[in-house]
Structures are given as structure tokens and as C-alpha cells.
Amino acid sequence: MIQPKNARRVRPNMPHYGVMPDEVSAMLTWDWVDRQMQAARNYWVSSVCGDGRPHSVPVWGAWVGGCLYFGTDKNSVKARNIARDNRVVAHLESGDDTVIFEGRAVQAQVSDEQLKTISDRYVEKYKLEPQLEDSGSLILRLLPRRVMAWLERNYPATATYWLFDV
């Protein structure tokens with residue numbers, strides 16, 4: 001089973017939703033999260049504007065080596081928000097097969113080999129060559145603090161969190 005080195009899997013304590021911390025038999029695995037992130041076409045990223053308003057947009061991205069990478073124009077609202085406060089929430093489109101990341105978006109420091117892998121993943125998914133090296137673009141990497149996942153059809157039994165060392 002794949003498991004992030006800097007994370008521990010825990011059962012959330014939410015008895016008001018029927019999630020009991022000692023009922024662990026149906027918890028999800030990181031392998032499941034990895035497959036969902038790999039298969040996803042779009043990822044929703046939410047940031048906070050300077051006046052406190054939330055800003056949520058779908059982005060194209062690449063799940064590579066257990067990390068989410070996505071690009072944006074340096075002058076976009078999302079980029080300006082992240083430059084000011086890099087705390088973000090990112091999630092998949094499905095509310096039935098749920099994966100939610102809370103963490104920070106940081107400018108990715110990638111080698112030429114990693115950049116090629118990310119670019120290849122974009123071409124595979126979107127059939128377009130990304131402009132990741134464009135001087136007006138940023139490549140961002142999501143550093144998770146907490147990941148929440150569950151299957152709606154088997155909730156609350158599958159409710160699982162991963163807490164990351166930051």
C-alpha cells in the first residue's frame with residue numbers, strides 16, 4: 001500500500017455525522033486517493049482574495065509522484081491570492097467519491113525531467129502541450145496539510161483523513 005511518508009491516516013472524530021473514531025475497518029487507503037487524483041480531469045482550487053472573499057476555480061493539473069501540479073498565469077486572481085496567502089483547498093469534482101486537500105500552494109521547483117513528466121501528463125490528459133516554461137506562467141505544487149476522503153455510498157464507514165507533518 002502506498003502511504004505518504006510524512007502523513008498518518010486517522011479516522012475523523014465526528015459522532016454527530018455517525019463517524020466514530022474506533023470504527024476503522026472500512027477506512028480508505030492512499031492507493032485509492034492516488035487513483036482518484038490520477039484519473040481526475042479537473043481539480044477545483046479555492047483561495048482567498050485580499051478582501052476575504054473566497055475564489056474557487058477549476059484547473060487542469062497533473063498528479064505526478066503523489067503531488068498535484070497545476071499552472072496559472074502570474075497575473076491571474078488565483079496567482080495573486082496565492083502570492084499573498086498560499087493556503088488553499090483543492091478537491092475533485094465528485095461529491096460521491098470525495099477527495100479534499102487542505103494545504104499550501106507553492107511555486108514548484110522542478111528539474112527538467114520532472115517538467116517533462118508533468119508536461120507529458122498534460123498532453124496525455126488534455127491533448128494539448130502546456131506552456132509551463134512560459135515566463136508569464138507559474139507552476140504550482142500543492143503541499144497538503146490534511147486530506148479528507150470518503151465514498152458517499154458507504155459514508156460514514158469510509159471517512160478517512162490523512163494528517164501531514166508540515
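This is a predicted model: local features need pLDDT of at least 70, side-chain atom pairs count only at pLDDT 80 or more; totals for chains, interfaces and linings use all residues.
I take helices (H or I, at least four residues) and strands (E, at least two) as DSSP runs, numbered from the N terminus. Residues are numbered from 1 along each chain as its sequence is written, and side-chain values use heavy atoms, with hydrogens and water left out.

**Pocket**

I looked up the largest pocket and found about 260 Å³ of space in it. A pocket here is an open set of points on a 1 Å grid over the protein atoms alone, where a 1.4 Å probe fits, with protein on both sides within 12 Å along at least five of seven lines; lining residues have an atom within 4 Å of a point. The volume is the space filled by probe spheres set on the points, which are joined across faces, edges and corners.

I listed 19 lining residues, with P4, N6, G66, P144 and F164 the closest to the centre of the pocket. Strands β5 (67-73) and β8 (137-151) each supply at least two lining residues, and the largest share, 4 residues, is from β8. By type I noted 12 nonpolar, 4 polar and 3 charged residues in the lining. Nonpolar covers Ala, Val, Leu, Ile, Met, Phe, Trp, Tyr, Cys and Pro; charged covers Asp, Glu, Lys and Arg; the others, Gly among them, are polar.

**Helices**

W30, W32, V33, D34 and M37 qualify. Their cover includes β2, β4 (61-64), β5, β7, β8 and β9.

In α2 (residues 77-84), I found K78, A79, N81 and I82 buried. Seen down the axis of α2, these fall within an arc of 160°, so they line one face of the helix; the arc is that of the directions from the helix axis to the C-beta atoms. Their cover includes β2 (43-48), β3 (54-59) and β6 (87-91).

**Cores**

I traced nonpolar cores, sets of buried Ala, Val, Leu, Ile, Met, Phe, Trp, Tyr and Cys residues joined through side-chain atoms within 4.5 Å. The largest has 40 residues, and V33, M37, Y43, F101 and W162 have the most contacts inside it. β8 gives the most to this core, with 7 residues. A second, separate core of 7 residues includes M14, V19, M148 and A159.

**T158**

I placed T158 in the loop between β8 and β9 (160-164). T158 counts as buried, at 3% relative accessibility. Its contacts (heavy atoms within 4.5 Å) are R11, A26, M27, L28, A149, W150 and L151, not counting residues up to four places away in sequence.

Definitions and conventions:
Buried means under 20% relative accessible area, exposed over 50%, partly exposed in between (1.4 Å probe, protein chains only).
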